[in-house]
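Me: I would like to go through this model with you, a few points at a time. Please keep the answers plain.

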Amino acid sequence: MPYFEHIGARLYYEDTEKGEEVILFLHGASWDLRQWNNEAAFFSTDYRVVRLDARGHGRSSLPEGAVSPDIFWQDANALLDHLQIKKAIVCGLSMGGHTAIQLAIHVPEKVKRLILIGSPCTNQFNLYERIVVPINRLCLRLMPMSWIAWSMGIALGSDDATRKYIMDVVGSLNHSNFNRVWKAVTSMESRPKLSSIQCPTLILIGDHDALTRSQQPFIHQSIKESRLVVIKNANHGTNLDNPIQVREEIHNFINENC
């Protein structure tokens, strides 16, 4: 199976290998690369599709110690180097979207187009987030994984299949590892550098996604070459709830002339 080593972790990825143009898909926090199964099957006919299990997720390991908020984009960048990919279309949801944002900020020469789905750019966007995020971290340290998995499934999915996937994948995580990763994810910060992103950007948000809805207009306004589209009948698990519209929006965006 395809693995590579980077900064103490053994990271799992999947690569269709065929196709001149590359799409890199990055999953949400506590999920795994299977989130993109539908997209991988659809786009692999015309593109080289690469997916990564972020460290501490899926089949990727997590070394001991504190997890850096910058490690996720560094891992994704290392994967591009490992596969000798000079430039890619990068698509991410939630944590994966924030990772994609940071790739576009730190290694802009490697990001041809950017697709952000329910993506935050900070976890201190307003007073509500500054109060709630520390409380959320404490609650998750006290809750068993079975409760966390159930609550995430109910809160983040509109479709029964989406909820089942979320409950299963979150429920499989180690509790200590989950909390170490969650602290890093909720410490990621890109708000001050959003305006530096110059590549064409598509921003998608589910019409039932309350988790990051308040940040989407700000991200849209901050990234000059961006478009904001609402996905119907979709929660935070946007591509799982409405895969058809998400695929159509991505396909149209990739194939249009800027």
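Me: Is glutamate 256 buried, exposed or partly exposed?
Reply: Glutamate 256 counts as partly exposed, at 24% relative accessibility. Buried means under 20% relative accessible area, exposed over 50%, and partly exposed in between, with a 1.4 Å probe and protein chains only.

Me: What kind of model and numbering is this?
Reply: The model is predicted: local features need pLDDT of at least 70, side-chain atom pairs count only at pLDDT 80 or more, and totals for chains, interfaces and linings use all residues. Residues are numbered from 1 along each chain as its sequence is written, and side-chain values use heavy atoms, with hydrogens and water left out.

Me: Which side chain does glutamate 256 meet in a salt bridge?
Reply: That of arginine 227, at 2.8 Å, N to O; a salt bridge here is a side-chain nitrogen of Lys or Arg within 4 Å of a carboxyl oxygen of Asp or Glu. Glutamate 256 lies in the segment after helix H10 (243-255) and arginine 227 in strand S8, so the pair ties together parts that are 29 residues apart in sequence. Helices (H or I, at least four residues) and strands (E, at least two) are DSSP runs, numbered from the N terminus. Arginine 227 is partly exposed, with a relative accessible area of 33%.

Me: How many salt bridges are there by this rule?
Reply: The count is nine. One of them joins aspartate 75 to arginine 55, whose closest N and O atoms are 2.6 Å apart. Aspartate 75 belongs to helix H2 and arginine 55 to the loop between S4 and H2, so this pair links parts 20 residues apart in sequence. Both aspartate 75 and arginine 55 are buried.

Me: Changing topic, what is the strand order of the open sheet?
Reply: The eight strands run in the order S1-S2-S4-S3-S5-S6-S7-S8, with mixed pairing; two strands pair if DSSP finds at least two bridges between them. Strands S1 (3-6) and S8 (226-231) stand at the edges with a single partner strand each, so one side of each has no neighbour in the sheet.

Me: And how do S3 and S5 run, parallel or antiparallel?
Reply: Strands S3 (residues 22-26) and S5 (residues 88-93) run parallel and are joined by four bridges. Leucine 26 stands opposite glycine 92 in S5.

Me: Where is cysteine 199, and what does it touch?
Reply: Cysteine 199 sits in the loop between helix H7 (175-185) and strand S7 (201-206). Leaving out residues up to four places away in sequence, cysteine 199 touches Val111, Lys112, Arg113, Leu114, Ile223 and Glu225, contact meaning heavy atoms within 4.5 Å. At 12% relative accessibility, cysteine 199 counts as buried.
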